[in-house]
Amino acid sequence: MIEWFTWLQVGVALIAGLFCLVLGLLGRQPNDYSLGATLLVELLLVAQLVVAIVAPFVGNPPRGSLPEFYIYLVSALLLPPLAGFWALLERNRWATVVLGVVCLAVAVMVYRMYQIWVFQVA
C-alpha cells in the first residue's frame with residue numbers, strides 16, 4: 001500500500017460518510033451527490049486493488065497476512081455497490097444514512113488494511 005494514497009482514501013471515505021449521514025438525517029433521499037460520493041469511494045478502492053496487486057512486484061510486499069488483507073479489500077469493494085443498489089431500490093432517507101455508514105465502514109477497513117500491510121509481522 002502507498003501511505004499517502006491510504007490517507008487520501010480514508011479522508012475521502014470519512015468525508016463522504018459524514019456527508020451522506022448528514023443528508024440522510026436531514027431527510028434527503030439518495031441523490032446524485034450521495035451516490036456520487038459513494039461511487040468515488042468505490043473508485044478509490046478499485047485503484048487500491050491495482051496498487052495491492054502491483055506493489056509486491058515492485059518491492060513493497062505486505063508485512064502481515066496477505067489473505068487477511070485481501071479479505072478486507074474484497075469485502076470493502078463489495079460494500080459500496082451493494083449499498084448503492086439498495087439505495088436505488090429503497091429511495092428513502094435511511095438509504096442515504098446507510099450509504100454514509102458504508103463509507104465510514106470503508107474508511108475503517110482501509111485503515112485496517114494499512115495496518116496489515118505496514119505494521120503486522122507475519
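These entries record what I looked up in the predicted model of one protein chain.

**Entry 1. Ground rules.** I note that residues are numbered from 1 along each chain as its sequence is written, and that side-chain values use heavy atoms, with hydrogens and water left out. Local features need pLDDT of at least 70 and side-chain atom pairs count only at pLDDT 80 or more, while totals for chains, interfaces and linings use all residues.

**Entry 2. Overall fold.** I looked up the secondary structure and found 4 helices and 0 strands. Helices (H or I, at least four residues) and strands (E, at least two) are DSSP runs, numbered from the N terminus. The order of elements from the N terminus is α-α-α-α.

I then checked the dimensions. The C-alpha trace spans about 45 × 20 × 20 Å along its principal axes.

**Entry 3. Surface and contacts.** I read that 40% of the 122 residues count as buried. Buried means under 20% relative accessible area, exposed over 50%, and partly exposed in between (1.4 Å probe, protein chains only). The accessible surface comes to about 6600 Å², and 75% of it belongs to carbon and sulfur atoms. Such areas come from the Shrake-Rupley method with a 1.4 Å probe; for residues, only the protein chains shown count as cover.

I also looked at contacts, meaning heavy atoms within 4.5 Å. Among contacts between residues at least 6 apart in sequence, 82% join residues at least 24 apart.

**Entry 4. Thr96.** I located Thr96 in helix 4 (residues 93–118). Thr96 counts as buried because its relative accessible area is 0%. Not counting residues up to four places away in sequence, Thr96 touches Cys20, Leu23, Gly24, Arg28, Gln29, Pro30 and Ser34.

**Entry 5. Gln48.** I found Gln48 in helix 2. Its relative accessibility is 0%, so Gln48 counts as buried. With residues up to four places away in sequence not counted, Gln48 touches Met1, Phe5, Gln9, Phe69 and Leu73.

**Entry 6. Aromatic rings.** I noted 6 aromatic pairs in the structure. One of them joins Phe69 and Tyr70 edge-to-face, at 5.3 Å centre to centre and 85° between the planes. Rings of Phe, Tyr and Trp (its six-membered ring) pair if their centres lie within 6.5 Å; planes under 30 degrees apart count as stacked, over 60 as edge-to-face and the rest as tilted. Phe69 is buried, with a relative accessible area of 0%, whereas Tyr70 counts as partly exposed at 24%. I also found one aromatic cluster formed by Trp7, Tyr111, Tyr114 and Phe119.

**Entry 7. Leu79.** I placed Leu79 in helix 3. Leu79 counts as partly exposed because its relative accessibility is 29%. Leaving aside neighbours within four places in sequence, Leu79 is in contact with Val102 and Met109. The C-alpha atoms of Leu79 and Ala47 are separated by 16 Å, and these residues are 32 apart along the chain.

**Entry 8. Val58.** I traced Val58 to the loop between helix 2 (32–54) and helix 3 (66–89). At 64% relative accessibility, Val58 counts as exposed.
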